[in-house]
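Biologist: Could you walk me through this one before I set anything up?

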Amino acid sequence: VLFRQAPRMFAQNSRNFASPVLLLVLLGCVLCPSAQASKSSEDIRCKCICPPYRNVSGHIYNKNVSQKDCNCLHVVEPMPVPGNDVEAYCLLCECKYEERSTTTIKVIIIVYLSVVGALLLYMAFLVLVDPLIRKPDLYTQPLHNEEDSEDTRSLARVPTLAGARANTVLERVEGAQQRWKRQVQEQRKTVFDRHKMLS
Amino acid sequence: MVNAGDMNGSGNLMDFLDEPFPDVGTYEDFHTIDWLREKSRDTDRHRKITSKSKESIWEFIKSLLDAWSGWVVMLLIGLLAGTLAGVIDLAVDWMTDLKEGVCLSAFWYSHEQCCWTSNETTFDDRDKCPQWQKWSELLVNQSEGASAYILNYFLYIMWALCFAFLAVSLVRVFAPYACGSGIPEIKTILSGFIIRGYLGKWTLLIKTVTLVLVVSSGLSLGKEGPLVHVACCCGNFFSSLFSKYSKNEGKRREVLSAAAAAGVSVAFGAPIGGVLFSLEEVSYYFPLKTLWRSFFAALVAAFTLRSINPFGNSRLVLFYVEYHTPWYMAELFPFILLGVFGGLWGTLFIRCNIAWCRRRKTTRLGKYPVLEVIVITAITAIIAYPNPYTRRSTSELISELFNDCGALESSQLCDYINDPNMTRPVDDIPDRPAGPGVYSAMWQLALALVFKIVITIFTFGMKIPSGLFIPSMAVGAMAGRMVGIGVEQLAYHHHDWIIFRNWCRPGADCVTPGLYAMVGAAACLGGVTRMTVSLVVIMFELTGGLEYIVPLMAAAVTSKWVADAFGKEGIYEAHIHLNGYPFLDVKDEFTHRTLATDVMRPRRGEAPLSVLTQDSMTVEDVETLIKETDYNGFPVVVSKDSERLIGFAQRRELILAIKNARQRQDGVVSNSIVYFTEDPPELPPNSPHPLKLRRILNLSPFTVTDHTPMETVVDIFRKLGLRQCLVTRSGRLLGIITKKDVLRHMAQMANQDPESIMFN
């Protein structure tokens with residue numbers, strides 16, 4: 001019994017904590033690297049693009065300098081034109097200072113891929129494995145008529161006394177997952193089948 | 001009510017797993033809230049806190065925390081919205097390039113990032129570097145030739161299909177509410193409608209993840225509308241942490257209005273434009289206090305996005321432009337022409353898209369959503385790859401079209417014939433004749449324009465997150481750029497014509513085609529969404545200068561006038577009408593001369609109004625009445641003979657009160673009399689214990705007389721946010737008008753189908 005319930009418990013537990021925790025992890029992972037001010041040498045550059053001039057072909061120069069040194073005179077080395085033409089040549093060049101954060105990019109892409117991977121695995125579980133686990137329980141669940149008006153259900157429903165319900169964590173988690181599944185099913189019916197919302 | 005947390009020792013951590021008890025005062029799904037009651041509850045809460053704050057220091061501190069909680073919520077919303085927008089931007093950047101190749105040194109770099117530190121880029125081949133390889137180079141070691149082209153083509157289509165299929169499966173399995181743009185539904189929610197789960201945590205997660213996937217798959221859609229939905233989900237999440245907002249639906253909607261502003265702010269890098277967009281397009285009631293808080297949330301979001309720096313140069317949007325070349329009065333004529341084009345395109349798009357969406361709703365096409373997404377993605381990828389302007393992502397296309405051609409651009413669009421002896425600095429290039437590259441770019445752009453116009457009609461509204469700001473801006477930018485190049489060449493070759501002679505000397509830089517692209521983008525966006533002020537503000541925040549306000553305004557105004565001549569609704573209002581949401585638009589004018597008697601229920605020949613009496617009905621009678629009818633509330637009158645009105649009782653509260661009474665109060669049985677007065681009625685001895693329900697009675701329902709003109713009634717519903725209104729004559733209750741009746745009446749007056757208003 002325990003063996004059969006273990007993957008279910010894992011899935012349900014992970015589902016309930018999944019989305020808020022994932023959000024907070026995302027927030028933390030992203031803000032922390034961007035808050036760090038350390039910049040590796042890969043992360044800043046001054047890029048000067050110089051078009052063709054007389055018999056000199058166009059060229060792109062990259063150099064790792066600070067923002068106040070980001071101009072043609074510091075970056076373009078070796079200077080392809082003689083000294084008296086340097087000013088005219090530099091007027092044509094356009095220099096831009098750019099910086100990026102490689103850590104941020106790496107963290108965000110890896111976190112995103114892991115989130116997609118986790119969702120894929122959970123989707124595969126829900127679509128393929130879960131119906132096989134749940135088959136023996138189909139007979140124990142009461143037949144649920146979806147078209148019951150909510151009022152008669154609520155008039156008839158008596159809340160369970162505190163002592164009788166939720167004696168194990170497992171049952172509460174299972175109840176929460178059943179509720180979530182029902183909600184998603186309702187949403188799916190509204191949007192995909194009855195086309196009542198979202199055209 | 002039994003609180004499980006007290007009785008069960010396993011702690012409050014697990015309480016959120018339990019089904020929430022329906023409380024008196026919460027609303028059912030797909031119902032409208034009672035704005036007046038929410039407002040009065042908030043005033044009561046505030047008064048209680050203020051009176052308690054004088055008691056002790058701790059209470060005073062609690063009152064301060066309560067006052068500050070609004071600002072804390074805005075700060076959190078701004079942080080999360082900015083972070084999610086940064087994640088989305090970076091992930092889209094990488095995954096879009098993944099369709100074409102991969103970076104060998106580190107797989108998580110996009111094309112531009114991969115070649116960042118490379119020294120092998122040359123002036124002519126700025127994009128090539130050995131670390132980035134296309135798929136054909138990686139797999140079969142060939143980079144040119146027919147087989148390489150076909151292999152790249154095939155893999156491009158495969159990646160696009162893979163992304164789209166993954167996105168639609170995730171939406172279908174986990175959060176079906178994550179599809180579509182989200183703005184029509186958010187407009188309805190902000191007007192007082194309840195859609196449970198639409199702003200939930202799973203919807204937030206799935207919308208963020210699938211938005212990246214669908215934008216990367218190359219489909220003709222944008223991410224701005226879905227970003228508003230994402231930001232509103234963040235707003236809902238944080239407002240549920242504070243009881244001031246979680247228990248009051250009216251206050252929660254103030255937070256959601258501000259969150260929508262933060263969403264637009266990070267989408268465009270335009271905080272002021274975001275606030276104005278929230279004010280103009282999305283919100284229903286926008287008190288002035290919300291204005292300042294929305295601005296704060298938008299600023300925090302923009303600042304967070306800037307610190308993540310997704311585009312590597314401290315800009316928030318990919319297509320920020322920075323030139324300041326002047327424009328001339330004579331150019332207003334082509335700008336107005338672009339406005340007319342924008343208005344016409346907007347009308348065409350709205351009509352075709354609504355027709356296609358209606359077909360999806362009603363015919364068998366709607367039964368195959370996954371297949372539809374895959375087919376549209378395949379068509380888009382197959383047609384988009386050969387044309388270099390549609391192969392790249394739409395944001396990059398817009399960026400290239402907005403940018404002016406300096407001497408340094410090497411794209412085809414800037415292939416002008418240069419004077420080899422020219423020594424002018426980069427930002428003062430005069431007008432030049434077009435080279436062959438420009439001509440081929442023009443016809444490629446024309447083909448891309450036609451393709452985008454057609455495919456966006458089928459893409460918007462599919463069961464994936466889809467926005468339409470970026471495609472409309474792309475259509476306008478392409479049209480604008482073509483017009484701009486045309487005017488530029490005309491000015492160059494015919495500079496002695498009268499219209500050019502005054503302002504365009506040969507050798508001067510007269511015409512900036514990039515500006516025409518911007519004006520075209522604004523015109524098309526205005527034609528589709530019918531935004532006015534917010535559009536102009538967003539566009540000039542995008543361009544960073546106030547010089548271009550007049551052309552942008554001219555185009556926006558013209559496009560709105562032209563589009564309004566054909567139909568009054570923007571795309572979002574049209575989708576609201578298509579889905580039948582109960583949204584009472586403030587922009588609709590009601591000018592018919594009907595009276596309240598013409599609209600009220602019951603009409604002549606219908607069953608009489610179901611009412612409750614003050615003290616002559618039993619519990620069983622009330623339960624039967626509730627079971628047999630499905631009205632949301634019942635008026636309470638003195639007696640069946642004299643139908644003088646006492647108040648109004650909500651169905652949900654009646655059910656809960658009776659249920660509670662049966663369980664907890666002794667002696668309440670089916671035969672007990674239900675009374676709504678202060679004192680119990682005179683009862684014979686040995687009768688069962690009566691049930692007092694005065695506390696759930698609304699003693700001040702809104703009433704109008706039967707001769708009130710409907711104009712006034714509609715105004716009352718709009719301004720006060722009513723759900724129903726009772727009609728009396730000489731103090732006697734005649735009937736009831738609900739919001740649905742008002743909407744149906746307005747639809748009937750406008751010759752639309754009144755039965756299309758669904759949802760009660």
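Modeller: Here is a tour of both chains, keeping in mind that this is a predicted model.

Biologist: Chain A to start with, then: how many helices and strands does the secondary structure come to?

Modeller: Chain A comes to six helices and three strands, and if you read along the sequence, these elements follow the pattern α-β-β-α-α-β-α-α-α.

Biologist: And what order do the strands have in the open sheet of chain A?

Modeller: The three strands form an open sheet in the order β2-β1-β3 of chain A, with antiparallel pairing. The edge strands are β2 (59-63) and β3 (94-99) of chain A, each of which pairs on one side only, and neighbouring strands are turned against each other by 20 degrees on average, with direction ignored.

Biologist: How many bridges are there between β1 and β3 of chain A?

Modeller: Strand β1 (residues 44-50) of chain A pairs with β3(A) over six bridges in the antiparallel sense, and within that pairing Cys46(A) has Tyr97(A) of β3(A) as its bridge partner.

Biologist: What share of chain A is buried?

Modeller: Of the 199 residues in chain A, 39% are buried. As for contacts in chain A with a separation of 6 or more, 65% of them are accounted for by residues 24 or more positions apart.

Biologist: Which domains does the assignment give for chain A?

Modeller: The assignment gives domain 1 (43-100) and domain 2 (103-131) for chain A, and the C-alpha centres of these two domains of chain A lie 44 Å apart.

Biologist: Switching to chain B, how is that one divided into domains?

Modeller: Domain 1 of chain B is made of the segments 81-95 + 175-319 + 334-360 + 393-416 + 426-577, while domain 2 of chain B covers 594-748. Taken over C-alpha atoms, the centres of domain 1 and domain 2 of chain B are separated by 48 Å.

Biologist: I'm looking at helices α14 and α18 of chain B; at what angle do the axes cross?

Modeller: The axes of α14 (residues 332-362) and α18 (residues 436-459) of chain B cross at roughly 40 degrees and come within 8 Å, and the crossing of α14(B) and α18(B) is right-handed.

Biologist: Which residues make that contact?

Modeller: From α14(B) the contact is made by Trp345(B), Leu348(B), Phe349(B), Cys352(B), Asn353(B), Trp356(B) and Arg360(B), and from α18(B) by Ile453(B), Thr456(B), Ile457(B) and Phe458(B). By class, the contact of α14(B) with α18(B) has eight nonpolar, two polar and one charged residues.

Biologist: Now strand β5 of chain B: how many of its residues are buried?

Modeller: Five of the five residues of β5 (residues 633-637) of chain B are buried. Both faces of β5(B) are covered, with Gly633(B), Pro635(B) and Val637(B) on one side and Phe634(B) and Val636(B) on the other.

Biologist: And which strands does β5(B) pair with?

Modeller: Strand β3 (residues 612-613) of chain B pairs with β5(B) in the parallel sense over two bridges, and there Thr613(B) stands opposite Val637(B). Five bridges also join β5(B) to strand β6 (residues 645-650) of chain B, where the two run antiparallel and the bridge partner of Gly633(B) is Gln650(B) of β6(B).

Biologist: Last one: what order do the strands β4, β7 and β8 of chain B have in their open sheet?

Modeller: The order is β4-β7-β8 in chain B, with mixed pairing, and the edge strands are β4 (617-618) and β8 (691-692) of chain B. In this sheet β4(B) and β7 (residues 673-675) of chain B pair in the antiparallel sense over two bridges, with Ile673(B) of β7(B) as the bridge partner of Thr618(B).

Methods
Residues numbered from 1 in each chain as written. Chains lettered and ligands numbered in written order. Predicted model: local features only at pLDDT ≥ 70, side-chain atom pairs only at ≥ 80, totals over all residues. Heavy atoms only, no water. Axes fitted to C-alpha atoms, helices over the stretch in contact; angles between N-to-C directions. Helix = DSSP H or I, 4+ residues; strand = E, 2+ residues; numbered from the N terminus. Left-handed = near helix turned anticlockwise from the far one by under 90°. Contact = heavy atoms within 4.5 Å. Nonpolar A, V, L, I, M, F, W, Y, C, P; charged D, E, K, R; others polar. Pairing = 2+ DSSP bridges. Domains from an automatic or database assignment. Buried < 20%, exposed > 50% of the residue type's maximum accessible area, 1.4 Å probe, protein only.
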